[in-house]
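Here are some notes to read alongside the model, written for someone meeting it for the first time. Please keep the viewer open and look up each residue as it comes along.

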Amino acid sequence: MQLLYQTHSPYARKVLVMAHECGLASQIEVVHHETSPTRRNDVVYAANPLGKVPVLLLPDGTALFDSLVICDYLDGLHRGPRLIPREGDRRYGVLRLHALAQGLCDVGIKLRWEVERRPAALRYPAYAEGQAGKLAEAFHFLEGDACLEESETLGHIALATALDWLVFRHLADLAAHPRLHAWYQAFCQRPSMQATPYLGHTQD
């Protein structure tokens, strides 16, 4: 299998951390591709019409995207405990946490456009404030949520990679949320996280 990847994408890193946690990383060739809404990458577009990574290319030529689809596929290849439960309340708890983590990435990307990437004359401060407010609400929610009592699901992988991306991009200070901060720091010590650090800069 080949993974079209980007070393500073939280969505791509989530997939690679999942592969490590499932014991599948050695079966995947990771190929870095720069992508951006303002910079077309024809190799990625050939595999994903949205032009986004991650994309997992299977031996039969099938291209899987987006990150949740790829993680679900990987979860069916290993013999350990499922990181996405098959059914019941636990399944939907994991998927809800994944959705929240995915939302943190989406909101963080929108915020970064308004405070860094968009030309200064075109920035909309009220929009940036709204996105920052969403991050604050999510952190407050997570600080008191029971999900932090464990670390063994896709939801937790998604949360850790999302938080680490927000820290990498200087968009979050978790010190005001000690329980969440402690959980995040502990998760970042896992071999899967140590093997997949964020690197590089956006190229528009």
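1. Start with N41, which touches H33, E34 and T35 when residues up to four places away in sequence are not counted; contact here means heavy atoms within 4.5 Å. N41 is found in the loop between β2 (29–32) and α2 (42–47). Helices (H or I, at least four residues) and strands (E, at least two) are DSSP runs, numbered from the N terminus. With a relative accessible area of 12%, N41 is buried; buried means under 20% relative accessible area, exposed over 50%, and partly exposed in between (1.4 Å probe, protein chains only). K52 is eleven residues from N41 along the chain, and the C-alpha atoms of N41 and K52 are separated by 8.8 Å.

2. A word on the basis of these notes: this is a predicted model, in which local features need pLDDT of at least 70 and side-chain atom pairs count only at pLDDT 80 or more, while totals for chains, interfaces and linings use all residues. Residues are numbered from 1 along each chain as its sequence is written, and side-chain values use heavy atoms, with hydrogens and water left out.

3. Next, another loop residue. D145 is found in the loop between α5 (125–143) and α6, and D145 is buried, with a relative accessible area of 16%. Leaving aside neighbours within four places in sequence, D145 is in contact with R96 and R179.

4. Now for the rings: the structure holds two aromatic pairs. Rings of Phe, Tyr and Trp (its six-membered ring) pair if their centres lie within 6.5 Å; planes under 30 degrees apart count as stacked, over 60 as edge-to-face and the rest as tilted. F168 and Y198 have ring centres 5.3 Å apart and planes at 25°, so this pair is stacked. The pair links distant parts of the chain, with F168 in helix α6 (residues 154–168) and Y198 in the segment after α8 (191–194), 30 residues apart. F168 counts as partly exposed at 24% relative accessibility, whereas Y198 counts as buried at 8%.

5. W183 and F187 form a tilted aromatic pair, 5.3 Å centre to centre with 35° between the planes. These two residues are separated by about one helical turn because they are four residues apart in helix α7 (residues 178–187). W183 is buried at 8% relative accessibility, and F187 is buried at 2%.

6. The charged end of R13 sits over the ring of Y198, 4.4 Å from its centre, and R117 lies over the face of W113, at 4.1 Å from the ring centre. A charge sits over a ring if NZ of Lys or CZ of Arg is within 6 Å of the ring centre and within 35 degrees of the ring normal.

7. How do α6 and α7 pack, and at what angle? Their axes are 10 Å apart, at an angle of about 100°, which makes α6 roughly perpendicular to α7. Axes are lines fitted to C-alpha atoms, for helices over the stretch in contact, and angles run from 0 to 180 degrees between N-to-C directions; angles under 35 degrees count as roughly parallel, over 145 as roughly antiparallel, 65 to 115 as roughly perpendicular and the rest as oblique. Among the residues that meet here are L163 in α6 and W183 in α7.
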